[in-house]
Amino acid sequence: MKRMRQISDKWTEDDVKYLSQYGIKVKAGKVMLFEIEEGENYNNVRKYLDSKWKNKYYNIQDVFFYKYSQEDIDAAEYFIFTGHQCCGYPQPASDMKYKSLCFDTEKLCLSCGCGRVQTNDLRVNKLSRHGFWSYCAWIYDQFFVNEKIYNEVFAPYGIEKRAVIKGGKVLEDVFQLVIPVIDEPLDLTGRKHWLCPDCNNIKYDIVHRDYPFFPLHEHPLPCIYKTKEFFGTGPRGWDANRVIIISKDIVNKLLKSKDLKKEWLIPCRHKES
């Protein structure tokens, strides 16, 4: 496992020349990204870029992430995913009216998004019929799969499905997975979190630099399930979502069918004491 950075910008000829000494290949006049491991080379590159970026009016992307080895992947029995295909927005999107149409508003906090319980089929404005793991913007813990993936991968494990509506019509070849929520809490000691001032629910930080592997339950559910806890990026903002955890059996089937990329995987491990 390596601590990595993904950096992007529109590069100049001087940038191309400087970055090439670290084996980084970019093209002048192009918006391109590159990856570099944290360490001395990254520190040098960042120092150079800081001098270049300080006069810019916008923030250049410098994103931290972990890159996992094959040994990390092989050792894990459960995973979470980071790479998904967004299918559009839940409908009706104006004034977020889909919230009252599709979710129990008595349990839902409109400030942070915690407590979301779906009561009606989701309506979408756009949806891919290819592959799997399409999701709606704003709702990142509900996934859609096409008929082939559902029948071959999820149905044999007893995972239920529900209808998806587009343009007022129920789609016949795309379904939403009905993913169970585990009742067992995670050990999230030390993880950054926020207490919503309106509902008093806790939202945990989805990014945790000091713990590269997502924590795993002592008694995980088979196949696929959601965490009891909600995760997000701040105390406000309607971004609270449960994290979906999926078993190695499902992962292997999806890797074999080429419906999943290994780069999307984050291994889960029991938290070290």
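User: What are the ground rules for the numbering and the values?

Analyst: Residues are numbered from 1 along each chain as its sequence is written, and side-chain values use heavy atoms, with hydrogens and water left out. The model is predicted, so local features need pLDDT of at least 70 and side-chain atom pairs count only at pLDDT 80 or more, while totals for chains, interfaces and linings use all residues.

User: Why is C223 called buried?

Analyst: Buried means under 20% relative accessible area, exposed means over 50%, and partly exposed lies in between (1.4 Å probe, protein chains only). C223 has 4% relative accessibility, so it counts as buried. Its place is the loop between strand 15 and strand 16 (224-232). Helices (H or I, at least four residues) and strands (E, at least two) are DSSP runs, numbered from the N terminus.

User: What makes the phi of N200 and of C223 worth a note?

Analyst: Most residues other than glycine have a negative phi, and most peptide bonds are trans. N200 has a positive phi, near 65 degrees. C223 also has a positive phi, near 70 degrees.

User: Which peptide bond is cis?

Analyst: The bond that joins Q91 and P92 is cis, with omega about -5 degrees. P92 lies in the loop between strand 5 (85-86) and helix 4 (98-102).

User: Why is strand 12 described as largely enclosed?

Analyst: Strand 12 covers residues 174-178, and four of its five residues are buried, so the rest of the structure largely encloses it.

User: Why are strand 2 and strand 3 said to stand at the edges?

Analyst: The sheet in question is open, with three strands in the order 2-1-3 and antiparallel pairing. Strand 2 (31-37) and strand 3 (61-67) each have a single partner strand, so one side of each is left without a neighbour in the sheet. Neighbouring strands here are turned by 25 degrees against each other on average, direction ignored. Strand 1 (residues 2-10) pairs with strand 2 over seven bridges, and K10 stands opposite V31.

User: What makes helix 2 lie across this sheet, and at what angle?

Analyst: Contact means heavy atoms within 4.5 Å. Axes are lines fitted to C-alpha atoms, for helices over the stretch in contact, and angles run from 0 to 180 degrees between N-to-C directions. Helix 2 lies across strand 1, strand 2 and strand 3, and runs at about 25 degrees to strand 1.

User: What is the strand order in the seven-strand sheet?

Analyst: This open sheet has the order 13-14-16-17-4-18-15, with mixed pairing. Strand 13 (193-195) and strand 15 (214-215) stand at the edges because each has a single partner strand. Within the sheet, strand 4 (residues 78-81) and strand 17 (residues 241-247) run antiparallel and are joined by two bridges, with F79 partnered by I246. Helix 6 (residues 248-256) lies across strand 4, strand 17 and strand 18 (265-269), at about 80 degrees to strand 17.

User: How are the lining residues of the second largest pocket classed?

Analyst: Ala, Val, Leu, Ile, Met, Phe, Trp, Tyr, Cys and Pro count as nonpolar, Asp, Glu, Lys and Arg as charged, and the others, Gly among them, as polar. By that rule, the lining has six nonpolar, three polar and five charged residues. Strand 12 gives the largest share of the lining, three residues.

Terms used: Two strands pair if DSSP finds at least two bridges between them.
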